[in-house]
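The following note sets out points for a colleague who is reviewing this model.

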Amino acid sequence: MIVISEARRDISKIWGNKEPIPEKKYCLLCYSIQLVCEDGMLVLNTISGELILLDKNETERWKAMPALYEPWMDELIRKHFLVPEETDAVQIVENLRKILLLLNKKSDIVNYTILPTSACNARCFYCYECGDPHITMTEETASKVVSFIEAHNGGKPIRIRWFGGEPLIGANRITQICKELRERNIKYSSRMVSNGYLFDEKMVYLAAEEWKLKHIQITLDGTEEIYNKVKAYKSVSDNPFLRVLRNIELLLEKDISVDIRLNLGSHNYEDLTELVAQISYYFPDKQHLNVYSHLLFRDCGFEPVHFSQSELQQLLSAQELLEERIYECGLFTSSEELLSLKRCQCMANDDASVLINPQGLLGKCEHYAFDHLVGDLSCGVTDKEQVMYWKERETLPNCRKCSFYPSCLRLKKCDPQLYCYDLFLKAKKKKAILNIKQVYENYVRKCKRDRI
């Protein structure tokens, strides 16, 4: 057995090592993903996030499980890949999660999703924010944002995620907030979700140097004709598609990592494969660039999207092929963070995270920037009942048997999580396997370099 990627330290510290018990019958941990490869079998423990490689002899023995204890199992038992047959794996997950929550239970807020504006320069037909008011944050509110951060971050560095609308419409407020954070010696870094159109060389420099922007997500909906039609930008005199590609290039040149999100629907699934080829050609140096696809949210937007079961199956099949093409073109970048136990699903049930809308009101989800709010900048988080409402969990009948259970916290309020078809699970597993493959390929390349 070879360890390809170590287990998460925080989980290892709590879980520890399990000593083998002679004459005990052992079985495979149900929370794992396996991938046969040329050298044997890769196995990911989806609780600890540890990835191992079994040689061909070990793989054959692995396939014969469950079985009575034998000495060859020792390390696999210690690392929780093999567990006693009567093990309650669900209880292990829940106990570990409770301990992680207790260890991380602090009053400090270090993750901020800030909307400098809810206005947008695009008119995407699928936009779930289409009914929201268009408001841009005032200078006074921006200063209050900084005061709130200073009062609640406990002196720790903070992470900001600029969101909108289109956050670049509120670029002046972003610059103001960052300037005032520096004046108060508050350390920060930032990320952004943007359509990328409003950037130019000066703003990209500003983003890198003053906003401390490390990562940005930009959506491309198709090749030139489809992209320009879907985005439907207001008041443009150039070619938006080409401009956004150029802006992505400027961002990458400043070592800002870029995720290109391909929103997939029935209007563009055939076109996106061509777009992947264009992206690969346009960006030969793929460092700091990652491309991924995402199925459009249903039942929202100016022209709400509806999928029948057959259409959904067609789109998920197309997505599987698209993800394979992305991988083949070298545009899939593993985060090296393999699936593992989640303490929180997202900002919605994380006490260390909060959303601040353009009016200075506090929320728990970017999909609800103007309702289901929990407080304001003056008084802080005051609606404890609403906070608990965001944390309510929901499990479906097959959740506890699913290998993704440790990393999937289903929240009742989360609309995108309401559905979990076999087709979704298949797509999710495919993505996880691509991540495992890339982590392993990176390991093999490193071993070859070390031998030279």
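1. A nonpolar core is taken here as a set of buried Ala, Val, Leu, Ile, Met, Phe, Trp, Tyr and Cys residues joined through side-chain atoms within 4.5 Å. Buried means under 20% relative accessible area, exposed over 50%, and partly exposed in between (1.4 Å probe, protein chains only). The largest such core has 86 residues, of which Ile 114, Phe 199, Trp 211, Leu 262 and Ile 279 touch the most other members.

2. The model is predicted: local features need pLDDT of at least 70 and side-chain atom pairs count only at pLDDT 80 or more, whereas totals for chains, interfaces and linings use all residues. Residues are numbered from 1 along each chain as its sequence is written, and side-chain values use heavy atoms, with hydrogens and water left out.

3. Which residues does Leu 262 touch, not counting those up to four places away in sequence? With contact defined as heavy atoms within 4.5 Å, the partners of Leu 262 include Leu 220, Leu 272, Leu 275, Val 276, Ile 279 and Val 291. Also among them are Tyr 292, Ser 293, His 294, Leu 322 and Ile 326.

4. Helices (H or I, at least four residues) and strands (E, at least two) are DSSP runs numbered from the N terminus, and two strands pair if DSSP finds at least two bridges between them. An open sheet of 10 strands shows mixed pairing, in the order E13-E12-E11-E10-E9-E8-E14-E15-E16-E17. Its edge strands, E13 and E17, each pair on one side only.

5. Strand E12 (residues 257-264) is mostly covered, with seven of its eight residues buried. Strand E11 (residues 213-219) pairs with E12 in the parallel sense over five bridges, and His 215 has Ser 257 in E12 as its bridge partner. E12 also pairs in the parallel sense with strand E13 (residues 289-295), over seven bridges; there, Arg 261 is partnered by Tyr 292 of E13.

6. Elsewhere in the 10-stranded sheet, strand E9 (residues 158-162) and strand E10 (residues 188-194) are joined in the parallel sense by five bridges. Tyr 188 in E10 is the bridge partner of Ile 158.

7. A three-stranded open sheet has the order E6-E2-E7 and antiparallel pairing. Strand E6 (67-68) and strand E7 (82-84) stand at the edges, each with a single partner strand, so one side of each has no neighbour in the sheet. Two bridges join strand E2 (residues 25-28) to E6, and Ala 67 in E6 is the bridge partner of Tyr 26.

8. Is Asn 17 buried or exposed? Asn 17 is exposed, with a relative accessible area of 60%, and is found in the loop between helix H1 (9-15) and E2. Not counting residues up to four places away in sequence, Asn 17 touches Arg 78 and His 80. The C-alpha atoms of Asn 17 and Tyr 31, 14 residues apart along the chain, are separated by 17 Å.

9. A pocket is an open set of points on a 1 Å grid over the protein atoms alone where a 1.4 Å probe fits, with protein on both sides within 12 Å along at least five of seven lines; lining residues have an atom within 4 Å of a point. The second largest pocket holds about 360 Å³ of space, the volume being that filled by probe spheres set on the points, which are joined across faces, edges and corners. Of its 16 lining residues, Ser 107, Asp 351, Val 381, Lys 384 and Val 387 are the closest to its centre. H12 gives the largest share of the lining, four residues.
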